[in-house]
Amino acid sequence: RDTDRSRGLGDVYKRQNEIKIGGILFHKGDPVTQAEVTNRLQKASRIPMLVSLDGEWGLSMRLSGTTRFPKNMMLGAIEDNALIEEYGKEVGRQCREMGIHINFAPDMDVNSNVDNPVIGLRSFGENPEAVSEKGIAYARGLESTGILSVSKHFPGHGDTSEDSHETLPVVRHNRARLDSVELLPFKRYIYDGFAGIMTGHLYVPALDKSHKPASFSKAVVTDLLQKELGFQGLCFTDALAMKGASTKKTDNPSVKALLAGNDILLAPAAPINDFTAVKEAIEEGVLDLEAIEAKCLKILRYKYIAGLNAYKPVETKGLSKRLNSPHAAWMAAKLNSEAITVLKNEDTILPLKQLNKKKIAALSIGDGVGNEFQKMLGEYDSIACFSIGRRSTAAQVQQVYNKLQKYDVIICGVHTIRIPESLALRQLAAKKELVYAFFTLPYACKEYKKSIEKAKAVVLAYEGTPLAQEYAAQVIFGGIAAKGKLPVSIPGLYYAGTGI
């Protein structure tokens, strides 16, 4: 693996000399290795490079051994947008420690499609105003530390049922709907003067009927984004290696993206070929040299804004400790505690009271006995713990439900969407005081609709991380207050904004 890594880095250094790379996007790795590679690449570059991160929920989206912050859907449940801004500042601080200048965040897609396969938990929710407020708070925090924010995926990827990594999704709404929903967060972001916008590989007939992806459409990038909406910052394409950006073999994706009006071409599949194609397009008059020079000047200005005129190598000594600071741990905990949402609380059963008069059991669906949720429940009272896994036999499942009959309160943690609601669970909800805790995307609740209707309480924790599990347990027993509000509607159950 070390040999492969060295060979890969050698290829990067070779390309850097051949095509004079102006910036780099890292994917998976660990902080120290990435910092060392960044230092080597910057040393080899005549003009310092822009280093970018695709970190919608911070460094942990890409780098191991870093603080795990909640994903956007969970952040969408938090009412205090000042806290989202503080979170953005912390992500910005960590980026600076890593020598990163650009974060491809926030995701400002309005997720109005329950079956969206690629956005979902990456969105702050379904309400355009709320998505605007939270996205701008995050961007404000990032940029206050000198990190360039890049909102995405313009003109809006939230109502698609296909993944642009695999194909070209179609957004079929008319212009009036686009203006009031999909485009609204981007308009607010532009008005507040932030740095970057990423154009998505989406076909939007209401904006351009030529079947081009929005990222390759002059009507979208130049006419709408830059001229009509007045965006003067950096225009990035989404990754050009994605299948949604596929073009005819005779067309070069980088040339098409530049013709559309983009400034930075992100992650081309064949950078050396694309570099040659761009030079040929300039020589043939397909691309205007003055326009290319204007883009280069614009990028140099942003390199200056990012502080690259006073470049310093990343300090690798003590890097992990600086990244994983006490403040970072506190921030992750605070965000989790503010997001836990109570959707139902019949007879005000929560927080659980009169514990000396009730026998309580905890059932985990999709996770084993002794998980973080059950451990924290056990800090409040003596709890009998059970679990049902994907490999549990019918006999084992029935044995668990038989044992649960002797308890008064059943706290059921749902950790997966792959185990369907059963008749036994519905019957248990009808007979006992059942409290649900979902550690899943909110939409998963609709698969448990019948037993939810019979349950006494429903708590939504959004994710299955240790912090989400611990704070959900604290809400159930009153250790902390429930403050979260549901950021999306759950069909047939709850509207966005629900939260007791």
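Close-up 1. All six of the six residues of strand S8 (residues 360–365) are buried, so the strand is largely enclosed by the rest of the structure. Here, buried means under 20% relative accessible area, exposed means over 50%, and partly exposed is in between (1.4 Å probe, protein chains only). Helices (H or I, at least four residues) and strands (E, at least two) are DSSP runs, numbered from the N terminus. This is a predicted model: local features need pLDDT of at least 70, side-chain atom pairs count only at pLDDT 80 or more, and totals for chains, interfaces and linings use all residues. Residues are numbered from 1 along each chain as its sequence is written, and side-chain values use heavy atoms, with hydrogens and water left out. Ile360, Ala362 and Ser364 point one way from S8, while Ala361, Leu363 and Ile365 point the other way. S8 pairs with strand S9 (residues 383–388) in the parallel sense over six bridges, where pairing requires that DSSP finds at least two bridges between two strands. Look for Ile365 opposite Ile388 in S9.

**Close-up 2. An open parallel sheet.** Six strands line up in the order S1-S2-S3-S4-S5-S6, with parallel pairing, and form an open sheet. At the edges are strand S1 (23–25) and strand S6 (234–237), each pairing on one side only. Within the sheet, strand S2 (residues 50–53) is joined to strand S3 (residues 102–103) by two bridges, and Ser52 stands opposite Ile102 in S3. Helix H5 (residues 128–144) lies across S3 and strand S4 (148–154), running at about 150° to S4. Axes are lines fitted to C-alpha atoms, for helices over the stretch in contact, and angles run from 0 to 180 degrees between N-to-C directions.

**Close-up 3. A network of salt bridges.** Asp54, Glu56, Arg62, Asp107, Arg122 and Lys152 are linked in a network of salt bridges; a salt bridge is a side-chain nitrogen of Lys or Arg within 4 Å of a carboxyl oxygen of Asp or Glu. The side chains of Asp54 and Arg62 meet at 2.7 Å, N to O. Asp54 is buried at a relative accessible area of 15%, and Arg62 counts as buried at 16%. Another pair to find is Arg122 with Glu56, whose closest N and O atoms are 2.7 Å apart. This pair links distant parts of the chain, 66 residues apart: Arg122 is in the loop between S3 and H5, and Glu56 is in the loop between S2 and helix H3 (72–75). Both Arg122 and Glu56 are buried.

Close-up 4. Glu463 and Arg68 meet through their side chains in a salt bridge (2.9 Å, N to O). Glu463 lies in the loop between strand S12 (457–460) and helix H18 (466–477) and Arg68 in the loop between S2 and H3, so the pair ties together parts that are 395 residues apart in sequence. Glu463 counts as buried at 8% relative accessibility, whereas Arg68 is partly exposed at 31%.

**Close-up 5. Thr222 in helix H8.** Thr222 sits in helix H8 (residues 218–228) and counts as buried at 11% relative accessibility. Leaving aside residues up to four places away in sequence, Thr222 touches Ser217, Lys227, Ala260 and Gly261; contact means heavy atoms within 4.5 Å.
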